[in-house]
Each structure stands twice: as C-alpha cells, then as structure tokens.
Amino acid sequence: MTEPLTAADRCDRCGAQAYVRVVLPVGELLFCAHHAREHAPKFSDVATHVQDETDRLLAEHGAGTGAAR
Ligand SMILES: [Zn+2]
C-alpha cells in the first residue's frame, strides 16, 4: 500500500523532492523534509499514517551539507 517515495514525488508546497508521505482519511499529501517539519503539528492529529523517509535524505546527501536548513 505504501510504496517508497521516488524522485518523481514532489512536495505539495514547494515542489522539492518529497521525503514524507502523509496519508489522510481523504487522500494523501507529500512534503519535503522542510515542510514536513513545518506542518507536522497540523497533520499529526488527522493523519492515519505518516511515511517518513527523511533519514534517506541524510543517507543520500550526507549529513552536514546544509540540505536540511
Ligand atoms: Zn517543501
């Protein structure tokens, strides 16, 4: 049901590559790491499932590159 996110999955807010999928009763949202963090307080109450692949972001780009800022 929850497939891995790919480079074709884009953040609904800014169009960056999505690393978090938020499944809601009415559909789903995709967020980059930045917007996932920003919107977490809102969707955490209503989401039925949160697929967080932000650790892949670090694995792919390396920690300390500033990608998460
Ligand atoms: Zn974003």
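View 1. Strands (E, at least two residues) and helices (H or I, at least four) are DSSP runs numbered from the N terminus. The model is predicted: local features need pLDDT of at least 70, side-chain atom pairs count only at pLDDT 80 or more, and totals for chains, interfaces and linings use all residues. Residues are numbered from 1 along each chain as its sequence is written, and side-chain values use heavy atoms, leaving out hydrogens and water.

**View 2. The open sheet.** Three strands lie in the order β2-β1-β3 with antiparallel pairing (pairing requires at least two DSSP bridges between two strands). The edge strands, β2 (27–31) and β3 (49–52), each pair on one side only.

**View 3. Partners of β1.** Strand β1 (residues 20–24) pairs with β3 over 4 bridges, and Val 20 stands opposite Asp 52. With β2, strand β1 forms 5 bridges, and a hairpin of 2 residues joins them. Val 23 faces Glu 28 in β2 and has His 49 as its bridge partner in β3.

**View 4. His 35 in helix α1.** His 35 belongs to helix α1 (residues 33–46) and counts as buried because its relative accessibility is 13%. Setting aside residues up to four places away in sequence, His 35 touches Cys 11, Arg 13 and Cys 14 (contact means heavy atoms within 4.5 Å).

Note on methods: Buried means under 20% relative accessible area, exposed over 50%, partly exposed in between (1.4 Å probe, protein chains only).
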